[in-house]
Amino acid sequence: MRIMGLDYGTKTVGVAVSDPLGLTAQAVETITRKEENKLRKTCARIEALISEYGVEKIVLGFPKHMNNDIGERAEKSLEFRDMLHRRTGLEVVMWDERLTTAGAERVLIESGVRRENRKKHIDQIAAVLILQGYLDLQHMKMG
């Protein structure tokens, strides 16, 4: 069963997909849009990727504040979750994504990616970290 990980931002959505065994997360792409609320094309692209990869579940990053409060970004993520569920019929799991962008930045720096090129990849890497965290927890529960 393949699972999709999404890092939902104001202008981009980083996309990652698990391998068929659900062990590892791989970066797929970053979907960009010109305006935050213009989501039709974004959702259509996500649906195309769900079909292409045979995705059966979605893990969506949940950007809580460090004190665990839910702010405006987290509210928007919950709205996006509801829209994804309505459009795809798939289960959408919210995953605490605190520090994933910082972790993604660190991965890119350690990989030697130049500063001007990091922006292209950061959302995909954040999606990989969100999905990998979820996959690792599932395997710990089973193990």
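Select helix 1 first, where T42, C43, I46, L49 and I50 are buried, buried meaning under 20% relative accessible area, exposed over 50% and partly exposed in between, with a 1.4 Å probe and protein chains only. These residues cover an arc of only 120 degrees around the axis, which puts them on the same side of helix 1; the arc is that of the directions from the helix axis to the C-beta atoms. This is a predicted model, in which local features need pLDDT of at least 70 and side-chain atom pairs count only at pLDDT 80 or more, while totals for chains, interfaces and linings use all residues. Residues are numbered from 1 along each chain as its sequence is written, and side-chain values use heavy atoms, leaving out hydrogens and water.

Next, colour R40, K41, S51 and E52, which are exposed on the other side of helix 1. Then display strand 1 (2-8), strand 2 (12-18), strand 3 (25-32), strand 4 (55-62) and helix 2 (72-88), against which the buried residues of helix 1 pack, contact meaning heavy atoms within 4.5 Å. Just after helix 1, stop at G54, which takes a positive phi of about 65 degrees.

Now move to helix 3 (residues 100-110), in which T100, G103, A104 and L108 are buried. Seen down the axis of helix 3, these fall within an arc of 135 degrees, so they line one face of the helix. The face turned away from that buried side carries the exposed residues R106 and E110. Helices (H or I, at least four residues) and strands (E, at least two) are DSSP runs, numbered from the N terminus.
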